[in-house]
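Welcome! Please take a look at the structure below, and then let us walk through it together.

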Amino acid sequence: LLGVFAGGMALLNLVGAPIVAARGRAMARHARGAAQLVAGRELAAHAGPSWRRVSGMALVSFIAVVAGCGLAIADAAEGTEGTLMADIRTGVLLTLGIAFVLLACAVGVTQAASVLEERDLIVGLDRLGIPDAELRRARRLTVMVPLRWAAIGGAALGGVLSFPIVGISLLVAPLSVATIALTFVAGFALVAAALASTRPIV
């Protein structure tokens, strides 16, 4: 079973960068604004680094779905180890929260560094008349698009490999599952805030 999970994660990491590249090409091809065009070309040209920046979220999502749903079922049983299971579930949520905090810090640092590395491109786009709001949106897309695919891919893989557990947890402990989902929403908001913190540099 452990080998199946490890193989699934290895496969996800293997196809992650090509998926990001394909998504970038699609964004650039069907762009409805300068932000999507710039972000799409950036993702298509640097899919590997873009994926590696957020690939840890795929593992966190996978663990959150499998462990969170499994613990939700155990907690719903309310046996003699109910308190222990509640503590473990709290640990899973804390792990998710810490992972998002670390990811937000990494995103903030890498985005600040990339602004300095790509200053000539940013200046050139500005001289072409692209508004600052579009440039900021493009930088946000280059992070949030791979992050969304990493989170969805990891969660989907966990759901497929542990489908019975996920299905039962949705029936017997929907509140626990909703709590995990809300943690993801809060984490994405934290990453977005980290991106916003680099705005003065641009």
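Let us begin with Gln36, which sits in helix 2; helices (H or I, at least four residues) and strands (E, at least two) are DSSP runs, numbered from the N terminus. This is a predicted model, in which local features need pLDDT of at least 70 and side-chain atom pairs count only at pLDDT 80 or more, while totals for chains, interfaces and linings use all residues. Residues are numbered from 1 along each chain as its sequence is written, and side-chain values use heavy atoms, with hydrogens and water left out.

Is Gln36 buried or exposed? Gln36 counts as buried because its relative accessibility is 18% (buried means under 20% relative accessible area, exposed over 50%, partly exposed in between, with a 1.4 Å probe and protein chains only). Apart from neighbours within four places in sequence, Gln36 has contacts (heavy atoms within 4.5 Å) with Met27, Ala28, His30, Ala31, Arg137 and Leu141.

One of those partners, His30, lies in the loop between helix 1 (2-29) and helix 2. His30 counts as exposed because its relative accessibility is 55%.

Now for the chain as a whole. It has 8 helices and 0 strands, and buried residues account for 40% of its 202 residues. Of the contacts between residues at least 6 apart in sequence, 80% link residues at least 24 apart.

How confident is the predictor? The pLDDT, its confidence in each residue from 0 to 100, averages 78 over the chain, and 89% of the residues score at least 70.

| Confidence | Element | Mean pLDDT |
|---|---|---|
| Highest | helix 2 (residues 34-45) | 87 |
| Lowest | helix 7 (residues 163-172) | 74 |

Where pLDDT is low, the predicted coordinates should not be read in detail.

Finally, the largest pocket holds about 430 Å³ of space. Its 22 lining residues include Glu42, Ser114, Glu118, Arg139 and Thr142, the closest to its centre. (On a 1 Å grid over the protein atoms alone, a pocket is an open set of points where a 1.4 Å probe fits, with protein on both sides within 12 Å along at least five of seven lines; lining residues have an atom within 4 Å of a point.) Helix 4 gives the largest share of this lining, 5 residues.

Notes. pLDDT is the predictor's confidence in each residue, from 0 to 100. Grid points are joined across faces, edges and corners, and a volume is the space filled by probe spheres set on the points.
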